[in-house]
Amino acid sequence: MRKTAFYIVLIAIWALVYKLGVDVLEVWKSYAFPSPMSVVESVGKLMENNVILIAIVASLKRLIIGYGFSILAGLAIGFLLYRFKLLEEALSPVILGLQALPSVCWIPFAMLWFGIGESAIIFVTAMGSLFAIAIATEGAIKNIQPLYIKAAKTMGASGNNLFLKVIIPAALPNIVSGLKQGWAFAWRSLIAGEMIASTTGLGHTLMVGRDLQDIGRVVAVMFVIIAIGLLLDKLIFAKIERQIRTRWGLN
């Protein structure tokens, strides 16, 4: 109830600012600052002929492929960095540097390799989250309490048995946090890639609004992007984190 009241007040303030800034004081032009009603109307227009639905499906398809690849590769790299000290010393600075590289920097690279299309966007999505997952995985394993490993060794655990039954379960909460962070990076990278190197998807729909100078459409698509991000986080990562907390007795 409080959340609903808060959002109602927020929309009312938005409408008031629009009224004062556009109609009364004329601080902004109507094409530069949308009203709540214009955003709602834009959502309705986007739903006509399934424009927004087609864009959502295209974006989610790319996200699943790109993020799925980054999970597999990122986890593998993180485990390898933990298991092989020489590999960690050689590659950790490189991976850290690549993680600091903004994901949009991969777009020209992807366009030269793959051209404008699905492969380029999926590549940008994967590269945007790959290194974050790898770093988080390595850090999660390295930060396990030594007591767990010592106790397991005392009871005879060693080798793969120690790694699979003690180290991985102990590192799992932080690994999941890394996957969640990687998902956020993948989602942002996907939208950025679609804005520049795609003819479909939410990012492309956002740019069409800019080309039409339709600020209502731009904000409407932004709200859709935010809503999908929150929904996926709640349906997937929130459930996984809740199950892990329950499993570890943290609730």
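I call a residue buried when its relative accessible area is under 20%, exposed when over 50%, and partly exposed in between, with a 1.4 Å probe and protein chains only. Helices are DSSP runs of H or I with at least four residues, numbered from the N terminus.

I note that this is a predicted model, in which local features need pLDDT of at least 70, side-chain atom pairs count only at pLDDT 80 or more, and totals for chains, interfaces and linings use all residues. Residues are numbered from 1 along each chain as its sequence is written, and side-chain values use heavy atoms, with hydrogens and water left out.

Entry on α2. I looked up which residues of helix α2 (residues 36-47) face inward, and found Pro-36, Val-39, Ser-42 and Leu-46 buried. These four cover an arc of only 120° around the axis (taken from the directions from the helix axis to the C-beta atoms), which puts them on the same side of α2. Met-37, Val-40 and Lys-45 are exposed on the other side of α2. An α-helix has 3.6 residues a turn, so residues three or four places apart point the same way. Just after α2, I found Asn-49 with a positive phi of about 60°.

Entry on rings. I pair rings of Phe, Tyr and Trp (its six-membered ring) if their centres lie within 6.5 Å, calling planes under 30 degrees apart stacked, over 60 edge-to-face and the rest tilted. The count comes to twelve aromatic pairs. Trp-183 and Phe-237 have ring centres 6.5 Å apart and planes at 25°, so this pair is stacked. It links helix α8 (residues 159-197), which holds Trp-183, to helix α10 (residues 215-247), which holds Phe-237.

Methods: Helix = DSSP H or I, 4+ residues; strand = E, 2+ residues; numbered from the N terminus.
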